[in-house]
Amino acid sequence: MTSVISRLELDARSSGFEAESGLREVPSLDMTVTVDEVLSETGELGWSQKKFFFIVGIISVLSGMVILASTFTEFTPEWKCVDVNTKQVIALETDEKCNHFDEGSCSTEFGDVHETVVSEWSLVCRQSYLARLPQTAFFLGTTLSNFIVGPVGDKYGRKFLLVWSLRLIFVLLIICALSTNLHIYIGLKFLMGFCKQGISLSSTILLFELMGPKHRSAALIYSNIPFSFGGGLLTVLAYFLSSWRWLLLVTSAAYVLTFISLIYIPESPSWLMVNNKPEQAMQVLRGIADDNRVALQSIKLAGTERKMDNSKGFLSLFSFPKIAKQTVILLLCWFAACLSYYGVSFALGDNLGGNRYVNFLLGTLVEIPSVCITDYISKKHGSKYAFSRFLISSGICLMSSYIISDLLSLIDQSLAVYSKVGFAILGKFSVAAAYNMAYPYTSELYPTEVRNIGLSAVSIAGRLGGILSPFVLMADNLVLPICGMGVLVICGGICTLFLPETKDQPTPQTLEEIQIS
């Protein structure tokens, strides 16, 4: 298409037309263009897009705090076995302590100054598996929610889903902090996971569809930086707040910021168009143009006669051979990436050795440079190249964390611990970089009419990995689970090579476009 704005500006200047308001104004012209073309010509990375990115960034910070909170609310502090009668410490070794505790001859005395769910409800020994259930319930909620939030977002709008998900998780965080027993706490964590997925899915799609086409992939990649800051902020708060209840209450209070900021983010114009609402889509685009100091006059949006088929479900992702192959590979990659990402994150904050706060903070902050490197490599070589290489490199690092550390343990035990943590952090760096590419690459692969459903499907696979990740910490020896995660992500990285490259390619609108491409 000949540049809409540049062509009209030439006509304006040739007729002596100047906008007194300081806007780049264009005269009326009857022409048909797509939403992406309008976004391209009204400033792909103007003030409006920066505002949207900032708002989604605030939401991402809070999402990082909510998802990773269990690292500090549900870890097992050091404890002693105290005789119920004499109040004397009667056992020091774990097996011996558990024998006394399970027999009821001793009670728990936790030495850590930080109160956790485990210390409050004595979830040790035979009951230690209960400490993993809250986060498992959280990820189970995110998994099951995909069957609902995807279709809801496609039918009622991205912003509708985002607003209600944020309102609900705000209330649930407060109630969760006031939980009186473990069963209520687990149930509330399930509901929080349900709402959290609605937030992540809708905010990601909104950002993708409001950004200019050239900057969509980069915007989704850089939106992971606020998530990492959320993890870092969580670590600082957890260090200074002695109770898990206060940690959740402070997190809930921060959600007030989102209620104010959502006033300034509109509905997706792409969603409005495919749902036969061209007037509202044009209104949104004019608002974006005004913020970017560009005035749109008479421009007709293409595709107004077409309405999205909201009857499409998950089976539509297997309706054609190409889309089916693409979906199967993405399901594997998302499962492996999520399992590895959260498994390593929780391990860094629990039982890899060293200080849990320092380990977790380093593992979180290392994600920030991974975002910049991901953006550079994806722009230079393409999304597929970056996604596959980072998956493979993360697998190598995870396997090395135990293989090399076991060899070093023969020389020096402390060196082995540093090696184990170091390679785990490098593995976290690589899998985080792959995770940075997961949303933008998947969004680019799926067409508009099933993008929410497609992201929901692969998110389900990812959340299944998340469901299993807390139980990684229950293993007495982490060699098998960590190396197993390494093998999985390497397999995912190899399979990714069979997917199409999306660099400099137009965003598909329908399933038929994928099949004939």
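Ser243 caps the N-terminal end of helix H12, with one of its side-chain oxygens placed 3.2 Å from the backbone nitrogen of Arg245. This geometry, like everything that follows, comes from a predicted model. Within H12, which spans residues 244–254, the buried positions are Trp244, Arg245, Leu247, Leu248, Thr251 and Ser252. These residues lie on the same side of H12, because the arc they cover around the axis is only 160 degrees.

The protein as a whole comprises 23 helices and seven strands, and 57% of its 517 residues count as buried.

For helix H16 (residues 321–348) and helix H20 (residues 413–445), the angle is about 145 degrees and the axes are 9 Å apart, and the crossing of H16 and H20 is left-handed. By class, the residues in the contact of H16 with H20 are 17 nonpolar, four polar and one charged.

Apart from neighbours within four places in sequence, Ile329 is in contact with Cys495, Thr496, Phe498 and Leu499. With one of these, Thr496, the C-alpha separation is 6.6 Å, although Ile329 and Thr496 are 167 residues apart along the chain.

Thr71 is placed in helix H4, which covers residues 70–73, and Thr71 counts as buried because its relative accessibility is 4%, under the limit of 20%. The side chain of Thr71 reaches the backbone oxygen of Leu68 at 3.0 Å. When neighbours within four places in sequence are left aside, the residues in contact with Thr71 are Phe346, Gly349 and Phe360.

| Pair | Atoms | Distance |
|---|---|---|
| Ser243 and Arg245 | side-chain oxygen to backbone nitrogen | 3.2 Å |
| Thr71 and Leu68 | side chain to backbone oxygen | 3.0 Å |
| Ile329 and Thr496 | C-alpha to C-alpha | 6.6 Å |

Key. Residues are numbered from 1 along each chain as its sequence is written. This is a predicted model: local features need pLDDT of at least 70, side-chain atom pairs count only at pLDDT 80 or more; totals for chains, interfaces and linings use all residues. Side-chain values use heavy atoms; hydrogens and water are left out. Buried means under 20% relative accessible area, exposed over 50%, partly exposed in between (1.4 Å probe, protein chains only). Helices (H or I, at least four residues) and strands (E, at least two) are DSSP runs, numbered from the N terminus. The arc is that of the directions from the helix axis to the C-beta atoms. A polar contact is a pair of N or O atoms within 3.5 Å; within protein, one must be able to donate a hydrogen and the other to accept it, and residues adjacent in sequence count only if both atoms are side-chain atoms. Axes are lines fitted to C-alpha atoms, for helices over the stretch in contact, and angles run from 0 to 180 degrees between N-to-C directions. A crossing is left-handed if the near helix is turned anticlockwise from the far one by less than a right angle, and right-handed if clockwise. Ala, Val, Leu, Ile, Met, Phe, Trp, Tyr, Cys and Pro count as nonpolar, Asp, Glu, Lys and Arg as charged, and the others, Gly among them, as polar. Contact means heavy atoms within 4.5 Å.
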